[in-house]
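Thanks for coming. I will take a few minutes to walk through one structure, starting with its sheets. Please have a look at it on the screen.

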Amino acid sequence: MLKLTKDTLGVGFIGAGDISILHAAAVKKVPGAKLVGLWNRNQDRANERAKQFGCKNYKSPEELVKDPAIDAVFVLTNLETHLEYTKLALDHGKHVLVEKPVGVSIDEIRTMKETADAKGLVCMPGHNYVYEQSMVRTKQLVEGGDLGKIVSAYVMYNIHHPEEVAKRYPGVVRQILTHHSYILLYLVGAPVELCAMKATLHYKEYTEEDIAMVQMRLHNGALAHFCASFAADDHAADPWTVMVKVIGTAGSTRYSYRDHVEIKPGLVHSQTYTAYQGSVTNEVRHFLIDCLRMGQPPLSTMADAITAQKMIEACEESIRQGSVVKL
Ligand SMILES: NC(=O)c1ccc[n+]([C@@H]2O[C@H](COP(=O)([O-])OP(=O)(O)OC[C@H]3O[C@@H](n4cnc5c(N)ncnc54)[C@H](O)[C@@H]3O)[C@@H](O)[C@H]2O)c1
(Lines give C-alpha, C1' and ligand atoms only; values in the text may rest on other atoms or scores of the structure.)
Protein backbone atom coordinates (compact mmCIF):
# COMPACT_ATOMS: atom_id res chain seq x y z
CA MET A 1 0.00 0.00 0.00
CA LEU A 2 1.27 3.47 -0.93
CA LYS A 3 2.63 5.53 1.98
CA LEU A 4 4.82 8.53 1.13
CA THR A 5 7.01 9.22 4.16
CA LYS A 6 9.21 12.13 2.98
CA ASP A 7 9.05 15.27 5.15
CA THR A 8 7.62 17.54 2.46
CA LEU A 9 5.23 16.49 -0.31
CA GLY A 10 5.88 18.67 -3.37
CA VAL A 11 2.92 19.79 -5.47
CA GLY A 12 2.92 21.22 -9.02
CA PHE A 13 -0.02 22.86 -10.79
CA ILE A 14 -0.65 22.45 -14.52
CA GLY A 15 -3.04 25.33 -15.23
CA ALA A 16 -3.29 28.49 -13.13
CA GLY A 17 -6.82 29.78 -13.77
CA ASP A 18 -9.46 30.69 -11.18
CA ILE A 19 -9.61 27.29 -9.48
CA SER A 20 -5.83 27.30 -8.87
CA ILE A 21 -6.40 30.10 -6.30
CA LEU A 22 -8.50 27.73 -4.17
CA HIS A 23 -6.02 24.87 -4.60
CA ALA A 24 -3.05 27.07 -3.65
CA ALA A 25 -4.84 28.22 -0.47
CA ALA A 26 -5.65 24.56 0.27
CA VAL A 27 -2.06 23.29 -0.15
CA LYS A 28 -0.89 26.03 2.24
CA LYS A 29 -3.17 24.60 4.92
CA VAL A 30 -1.89 21.02 4.64
CA PRO A 31 0.99 20.31 7.03
CA GLY A 32 4.03 18.79 5.30
CA ALA A 33 2.95 19.91 1.81
CA LYS A 34 4.36 22.64 -0.42
CA LEU A 35 3.37 24.16 -3.74
CA VAL A 36 6.72 23.91 -5.59
CA GLY A 37 5.67 25.45 -8.88
CA LEU A 38 3.20 25.83 -11.72
CA TRP A 39 2.94 25.91 -15.47
CA ASN A 40 0.32 27.91 -17.33
CA ARG A 41 -0.07 28.33 -21.09
CA ASN A 42 -0.40 32.10 -20.87
CA GLN A 43 2.87 33.47 -19.46
CA ASP A 44 1.45 36.73 -18.07
CA ARG A 45 -1.01 34.72 -15.98
CA ALA A 46 1.75 32.21 -15.06
CA ASN A 47 4.07 34.96 -13.76
CA GLU A 48 1.30 36.69 -11.88
CA ARG A 49 0.13 33.50 -10.15
CA ALA A 50 3.64 32.19 -9.39
CA LYS A 51 4.34 35.52 -7.67
CA GLN A 52 1.01 35.43 -5.83
CA PHE A 53 1.53 31.83 -4.64
CA GLY A 54 5.26 32.24 -3.91
CA CYS A 55 6.29 29.34 -6.17
CA LYS A 56 8.34 28.58 -9.29
CA ASN A 57 7.12 29.22 -12.85
CA TYR A 58 8.14 26.28 -15.08
CA LYS A 59 8.85 26.89 -18.77
CA SER A 60 6.90 23.82 -19.89
CA PRO A 61 4.65 21.10 -18.43
CA GLU A 62 7.45 18.59 -19.25
CA GLU A 63 9.91 20.52 -17.07
CA LEU A 64 7.37 20.49 -14.22
CA VAL A 65 6.64 16.74 -14.32
CA LYS A 66 10.37 15.91 -14.54
CA ASP A 67 11.21 17.82 -11.35
CA PRO A 68 12.04 15.30 -8.58
CA ALA A 69 10.84 17.86 -6.00
CA ILE A 70 7.29 17.28 -7.25
CA ASP A 71 5.36 14.24 -5.98
CA ALA A 72 1.85 15.20 -7.04
CA VAL A 73 0.47 17.16 -9.98
CA PHE A 74 -2.87 18.99 -9.91
CA VAL A 75 -4.39 19.18 -13.40
CA LEU A 76 -6.34 22.48 -13.34
CA THR A 77 -6.67 23.29 -17.04
CA ASN A 78 -9.81 23.30 -19.18
CA LEU A 79 -11.68 19.99 -19.58
CA GLU A 80 -10.45 19.28 -23.12
CA THR A 81 -6.80 19.04 -21.98
CA HIS A 82 -7.23 16.96 -18.78
CA LEU A 83 -6.30 13.65 -20.45
CA GLU A 84 -3.12 15.04 -22.05
CA TYR A 85 -1.72 16.51 -18.84
CA THR A 86 -2.92 13.71 -16.54
CA LYS A 87 -1.18 11.13 -18.80
CA LEU A 88 1.96 13.27 -18.93
CA ALA A 89 2.14 13.45 -15.14
CA LEU A 90 1.34 9.75 -14.59
CA ASP A 91 3.89 8.73 -17.26
CA HIS A 92 6.52 10.60 -15.22
CA GLY A 93 5.55 8.77 -12.02
CA LYS A 94 3.57 11.60 -10.39
CA HIS A 95 0.32 11.16 -8.48
CA VAL A 96 -2.52 13.25 -9.91
CA LEU A 97 -5.52 15.21 -8.69
CA VAL A 98 -7.53 16.09 -11.81
CA GLU A 99 -10.32 18.68 -11.74
CA LYS A 100 -13.86 17.80 -12.70
CA PRO A 101 -15.33 17.01 -15.17
CA VAL A 102 -12.43 14.52 -15.27
CA GLY A 103 -12.64 13.80 -19.01
CA VAL A 104 -14.58 14.56 -22.15
CA SER A 105 -15.68 10.92 -22.53
CA ILE A 106 -15.87 7.63 -20.63
CA ASP A 107 -12.90 6.36 -22.68
CA GLU A 108 -10.74 9.29 -21.60
CA ILE A 109 -11.47 8.70 -17.91
CA ARG A 110 -10.88 4.96 -18.34
CA THR A 111 -7.48 5.67 -19.94
CA MET A 112 -6.45 7.84 -16.97
CA LYS A 113 -7.64 5.19 -14.48
CA GLU A 114 -5.90 2.32 -16.27
CA THR A 115 -2.64 4.29 -16.59
CA ALA A 116 -2.66 5.14 -12.87
CA ASP A 117 -3.58 1.57 -11.83
CA ALA A 118 -0.85 0.05 -14.03
CA LYS A 119 1.77 2.32 -12.44
CA GLY A 120 0.50 1.99 -8.85
CA LEU A 121 -0.16 5.75 -8.70
CA VAL A 122 -3.10 7.64 -7.21
CA CYS A 123 -5.30 9.49 -9.70
CA MET A 124 -8.06 11.24 -7.79
CA PRO A 125 -10.99 13.15 -9.33
CA GLY A 126 -11.52 16.73 -8.12
CA HIS A 127 -14.90 15.80 -6.61
CA ASN A 128 -14.64 18.42 -3.86
CA TYR A 129 -18.25 18.56 -2.60
CA VAL A 130 -18.15 15.13 -0.94
CA TYR A 131 -15.22 16.16 1.28
CA GLU A 132 -17.55 18.06 3.62
CA GLN A 133 -18.29 16.73 7.07
CA SER A 134 -22.02 17.07 6.53
CA MET A 135 -21.83 14.91 3.37
CA VAL A 136 -19.77 12.27 5.17
CA ARG A 137 -22.29 12.21 8.03
CA THR A 138 -25.21 11.89 5.61
CA LYS A 139 -23.51 8.93 3.93
CA GLN A 140 -22.93 7.28 7.33
CA LEU A 141 -26.61 7.77 8.25
CA VAL A 142 -27.76 6.34 4.90
CA GLU A 143 -25.41 3.34 5.13
CA GLY A 144 -26.25 2.70 8.77
CA GLY A 145 -29.98 2.61 7.96
CA ASP A 146 -30.59 5.49 10.41
CA LEU A 147 -32.72 7.39 7.88
CA GLY A 148 -34.90 4.32 7.26
CA LYS A 149 -35.84 3.60 3.64
CA ILE A 150 -34.51 6.37 1.40
CA VAL A 151 -37.38 7.87 -0.58
CA SER A 152 -35.81 10.90 -2.29
CA ALA A 153 -32.63 12.90 -2.86
CA TYR A 154 -32.23 16.44 -4.22
CA VAL A 155 -29.16 18.32 -5.44
CA MET A 156 -29.93 21.95 -6.28
CA TYR A 157 -27.52 24.62 -7.60
CA ASN A 158 -28.56 28.20 -8.41
CA ILE A 159 -25.55 30.50 -8.78
CA HIS A 160 -25.63 33.26 -11.39
CA HIS A 161 -22.61 33.22 -13.73
CA PRO A 162 -22.18 36.17 -16.10
CA GLU A 163 -21.88 35.18 -19.76
CA GLU A 164 -18.13 35.99 -19.96
CA VAL A 165 -17.45 33.53 -17.11
CA ALA A 166 -19.83 30.81 -18.34
CA LYS A 167 -18.22 31.00 -21.81
CA ARG A 168 -15.03 29.45 -20.41
CA TYR A 169 -16.93 26.28 -19.51
CA PRO A 170 -19.15 23.76 -21.24
CA GLY A 171 -22.88 24.21 -20.46
CA VAL A 172 -24.25 23.42 -16.99
CA VAL A 173 -24.98 19.78 -17.91
CA ARG A 174 -21.28 18.93 -18.04
CA GLN A 175 -19.92 21.70 -15.84
CA ILE A 176 -22.36 21.49 -12.91
CA LEU A 177 -24.38 18.26 -13.20
CA THR A 178 -21.05 16.41 -12.90
CA HIS A 179 -20.93 17.66 -9.28
CA HIS A 180 -24.53 16.53 -8.76
CA SER A 181 -23.80 13.10 -10.23
CA TYR A 182 -20.83 12.21 -8.03
CA ILE A 183 -22.64 13.62 -4.95
CA LEU A 184 -25.64 11.34 -5.64
CA LEU A 185 -23.35 8.33 -6.23
CA TYR A 186 -21.52 8.99 -2.97
CA LEU A 187 -24.65 9.49 -0.84
CA VAL A 188 -27.25 7.08 -2.17
CA GLY A 189 -25.98 5.33 -5.31
CA ALA A 190 -26.57 5.28 -9.04
CA PRO A 191 -29.79 5.86 -10.99
CA VAL A 192 -31.29 3.17 -13.23
CA GLU A 193 -33.12 5.64 -15.47
CA LEU A 194 -33.33 9.39 -15.95
CA CYS A 195 -35.04 12.15 -17.88
CA ALA A 196 -33.40 15.57 -18.46
CA MET A 197 -34.33 19.00 -19.85
CA LYS A 198 -32.28 22.12 -20.49
CA ALA A 199 -32.79 25.76 -21.54
CA THR A 200 -30.76 28.88 -22.32
CA LEU A 201 -32.34 31.82 -20.52
CA HIS A 202 -29.93 34.70 -19.95
CA TYR A 203 -26.95 34.58 -22.36
CA LYS A 204 -26.93 37.03 -25.29
CA GLU A 205 -24.46 35.18 -27.56
CA TYR A 206 -23.25 32.01 -25.84
CA THR A 207 -25.38 29.11 -27.06
CA GLU A 208 -24.81 26.46 -24.34
CA GLU A 209 -27.52 25.86 -21.71
CA ASP A 210 -27.59 27.92 -18.48
CA ILE A 211 -30.17 25.74 -16.71
CA ALA A 212 -30.83 21.98 -16.63
CA MET A 213 -33.02 19.68 -14.55
CA VAL A 214 -33.01 15.89 -14.20
CA GLN A 215 -35.44 13.37 -12.69
CA MET A 216 -34.11 9.92 -11.76
CA ARG A 217 -35.19 6.54 -10.45
CA LEU A 218 -32.50 5.00 -8.24
CA HIS A 219 -31.46 1.35 -7.71
CA ASN A 220 -33.38 1.16 -4.42
CA GLY A 221 -36.59 2.51 -6.01
CA ALA A 222 -36.21 6.04 -4.56
CA LEU A 223 -36.54 9.10 -6.83
CA ALA A 224 -34.01 11.92 -7.17
CA HIS A 225 -33.95 15.41 -8.68
CA PHE A 226 -31.12 17.67 -9.90
CA CYS A 227 -31.24 21.37 -10.80
CA ALA A 228 -28.17 23.24 -12.09
CA SER A 229 -28.52 26.90 -13.01
CA PHE A 230 -26.11 29.68 -14.01
CA ALA A 231 -29.16 31.77 -15.01
CA ALA A 232 -29.99 33.42 -11.65
CA ASP A 233 -29.08 33.52 -7.97
CA ASP A 234 -31.80 32.40 -5.55
CA HIS A 235 -32.47 35.42 -3.29
CA ALA A 236 -35.41 33.96 -1.34
CA ALA A 237 -35.34 33.08 2.37
CA ASP A 238 -33.47 29.77 2.84
CA PRO A 239 -32.21 29.91 -0.77
CA TRP A 240 -31.24 26.86 -2.81
CA THR A 241 -27.81 28.27 -3.71
CA VAL A 242 -26.28 24.84 -3.31
CA MET A 243 -28.59 22.50 -1.42
CA VAL A 244 -28.39 18.74 -0.97
CA LYS A 245 -31.23 16.85 0.70
CA VAL A 246 -31.72 13.18 1.44
CA ILE A 247 -35.13 12.16 2.79
CA GLY A 248 -35.87 8.77 4.32
CA THR A 249 -38.80 7.20 6.16
CA ALA A 250 -36.93 7.58 9.49
CA GLY A 251 -35.09 10.88 9.04
CA SER A 252 -33.57 13.36 6.62
CA THR A 253 -30.49 15.56 6.13
CA ARG A 254 -29.53 18.74 4.36
CA TYR A 255 -26.31 20.45 3.28
CA SER A 256 -26.41 24.12 2.29
CA TYR A 257 -23.85 26.59 0.96
CA ARG A 258 -25.84 29.21 2.89
CA ASP A 259 -24.77 27.83 6.26
CA HIS A 260 -21.63 30.02 6.07
CA VAL A 261 -21.67 33.23 3.98
CA GLU A 262 -19.10 36.06 3.88
CA ILE A 263 -20.26 39.41 2.47
CA LYS A 264 -17.53 39.85 -0.16
CA PRO A 265 -17.31 38.61 -3.77
CA GLY A 266 -15.89 35.07 -4.05
CA LEU A 267 -14.08 34.50 -7.37
CA VAL A 268 -17.02 34.52 -9.80
CA HIS A 269 -19.73 34.38 -7.09
CA SER A 270 -21.53 37.50 -5.82
CA GLN A 271 -20.80 36.43 -2.22
CA THR A 272 -18.22 34.17 -0.62
CA TYR A 273 -19.65 30.78 0.22
CA THR A 274 -17.16 29.51 2.78
CA ALA A 275 -17.90 25.90 1.85
CA TYR A 276 -16.44 26.40 -1.66
CA GLN A 277 -12.89 26.97 -0.39
CA GLY A 278 -13.55 24.63 2.56
CA SER A 279 -14.48 21.66 0.40
CA VAL A 280 -11.42 22.15 -1.82
CA THR A 281 -9.19 22.41 1.27
CA ASN A 282 -10.66 19.17 2.68
CA GLU A 283 -10.29 17.45 -0.70
CA VAL A 284 -6.63 18.47 -1.05
CA ARG A 285 -5.92 17.40 2.53
CA HIS A 286 -7.55 14.03 1.84
CA PHE A 287 -5.50 13.56 -1.34
CA LEU A 288 -2.14 14.49 0.19
CA ILE A 289 -2.51 13.07 3.70
CA ASP A 290 -5.13 10.29 3.58
CA CYS A 291 -4.29 8.95 0.11
CA LEU A 292 -0.58 9.65 -0.43
CA ARG A 293 0.69 9.44 3.16
CA MET A 294 -1.76 6.92 4.66
CA GLY A 295 -2.68 4.77 1.67
CA GLN A 296 -6.44 5.39 1.99
CA PRO A 297 -8.69 5.55 -1.11
CA PRO A 298 -10.37 8.79 -2.28
CA LEU A 299 -13.99 9.23 -1.10
CA SER A 300 -15.00 9.49 -4.77
CA THR A 301 -12.89 7.44 -7.18
CA MET A 302 -12.09 7.32 -10.89
CA ALA A 303 -14.66 4.48 -11.13
CA ASP A 304 -17.21 6.98 -9.74
CA ALA A 305 -16.01 9.55 -12.30
CA ILE A 306 -16.76 6.99 -15.04
CA THR A 307 -20.29 6.40 -13.66
CA ALA A 308 -20.81 10.18 -13.30
CA GLN A 309 -19.80 10.59 -16.97
CA LYS A 310 -22.30 7.85 -17.93
CA MET A 311 -24.99 9.85 -16.12
CA ILE A 312 -23.97 13.05 -17.97
CA GLU A 313 -24.04 11.29 -21.34
CA ALA A 314 -27.46 9.78 -20.45
CA CYS A 315 -28.71 13.32 -19.67
CA GLU A 316 -27.45 14.51 -23.06
CA GLU A 317 -29.16 11.59 -24.82
CA SER A 318 -32.40 12.21 -22.91
CA ILE A 319 -32.32 15.91 -23.94
CA ARG A 320 -31.65 14.97 -27.58
CA GLN A 321 -34.44 12.38 -27.72
CA GLY A 322 -36.89 14.06 -25.34
CA SER A 323 -37.31 10.74 -23.53
CA VAL A 324 -36.41 8.63 -20.49
CA VAL A 325 -32.99 6.94 -20.82
CA LYS A 326 -32.00 3.71 -19.03
CA LEU A 327 -28.47 3.41 -17.61
N1 LIG B 1 -14.35 21.82 -8.42
C2 LIG B 1 -14.94 22.98 -8.66
O3 LIG B 1 -15.81 23.43 -7.91
C4 LIG B 1 -14.54 23.74 -9.90
C5 LIG B 1 -14.88 25.09 -10.05
C6 LIG B 1 -14.47 25.78 -11.17
C7 LIG B 1 -13.72 25.13 -12.17
N8 LIG B 1 -13.42 23.80 -12.00
C9 LIG B 1 -12.65 23.08 -13.05
O10 LIG B 1 -11.29 23.53 -13.01
C11 LIG B 1 -10.75 23.57 -14.33
C12 LIG B 1 -10.26 24.98 -14.61
O13 LIG B 1 -11.31 25.90 -14.41
P14 LIG B 1 -11.03 27.44 -14.04
O15 LIG B 1 -12.28 27.94 -13.42
O16 LIG B 1 -9.76 27.60 -13.31
O17 LIG B 1 -10.94 28.02 -15.52
P18 LIG B 1 -10.05 29.23 -16.08
O19 LIG B 1 -10.64 29.55 -17.40
O20 LIG B 1 -9.90 30.29 -15.06
O21 LIG B 1 -8.63 28.50 -16.27
C22 LIG B 1 -8.43 27.51 -17.24
C23 LIG B 1 -6.95 27.28 -17.42
O24 LIG B 1 -6.77 26.34 -18.50
C25 LIG B 1 -5.75 26.86 -19.36
N26 LIG B 1 -5.95 26.35 -20.73
C27 LIG B 1 -7.01 26.58 -21.55
N28 LIG B 1 -6.83 25.94 -22.72
C29 LIG B 1 -5.63 25.30 -22.63
C30 LIG B 1 -4.89 24.48 -23.53
N31 LIG B 1 -5.36 24.16 -24.73
N32 LIG B 1 -3.70 24.01 -23.11
C33 LIG B 1 -3.22 24.31 -21.87
N34 LIG B 1 -3.89 25.08 -20.98
C35 LIG B 1 -5.07 25.57 -21.37
C36 LIG B 1 -5.84 28.36 -19.28
O37 LIG B 1 -4.60 28.94 -19.61
C38 LIG B 1 -6.20 28.55 -17.79
O39 LIG B 1 -5.04 28.61 -17.00
C40 LIG B 1 -11.88 23.11 -15.27
O41 LIG B 1 -11.74 21.74 -15.51
C42 LIG B 1 -13.13 23.36 -14.44
O43 LIG B 1 -14.20 22.49 -14.79
C44 LIG B 1 -13.79 23.12 -10.89
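Two strands count as paired if DSSP finds at least two bridges between them. Helices (H or I, at least four residues) and strands (E, at least two) are DSSP runs, numbered from the N terminus. What you see is a predicted model, in which local features need pLDDT of at least 70, side-chain atom pairs count only at pLDDT 80 or more, and totals for chains, interfaces and linings use all residues. Residues are numbered from 1 along each chain as its sequence is written.

Strands of a sheet pair through backbone hydrogen bonds, either parallel or antiparallel. Now the parallel sheet. What is the order of its six strands? The order is 3-2-1-4-5-6, and the sheet is open. Strand 3 (56–57) and strand 6 stand at its edges with a single partner strand each, so one side of each has no neighbour in the sheet.

Strand 4 (residues 72–75) and strand 5 run parallel and are joined by four bridges. There, Phe 74 stands opposite Leu 97 of strand 5. Strand 1 (residues 9–14) is joined to strand 2 by six bridges, again in parallel. Across that pair, Leu 9 faces Ala 33 in strand 2, and Val 11 stands opposite Leu 35.

Next, burial. A residue is buried if 20 or more other C-beta atoms lie within 10 Å of its own, exposed if 12 or fewer, and partly exposed in between, with C-beta atoms placed from the backbone. In strand 1, five of the six residues are buried. Strand 2 (residues 33–39) is largely enclosed by the rest of the structure, because six of its seven residues are buried.

On to helix 5, residues 106–119. The expected span of a helix is 1.5 Å times one less than its number of residues. For the 14 residues of helix 5 that gives 20 Å, and the end C-alpha atoms are 20 Å apart, which agrees. Which residues of helix 5 are buried? They are Glu 108, Ile 109, Met 112, Lys 113 and Ala 116. The face turned away from them carries the exposed residues Asp 107, Asp 117 and Ala 118. After helix 5 comes Gly 120, with a positive phi near 65°.

The other sheet is open too, with seven strands in the order 12-11-7-10-9-8-15 and mixed pairing. Its edges are strand 12 (251–256) and strand 15 (325–326), each with a single partner strand, so one side of each is left without a neighbour in the sheet. Strand 8 (residues 191–199) pairs with strand 15 in the antiparallel sense over two bridges. Leu 194 has Val 325 of strand 15 as its bridge partner.

Is Ser 229 buried or exposed? Ser 229 counts as buried because it has 24 C-beta neighbours inside 10 Å. Ser 229 is 20 residues from Glu 209 in sequence, and their C-alpha atoms are 8.8 Å apart in space.

Last, the ligand. A residue is near it if its C-beta atom, placed from the backbone, lies within 6 Å. There are 20 residues around the ligand, and Gly 17, Asp 18, Ile 19, Thr 77 and Glu 99 come nearest.
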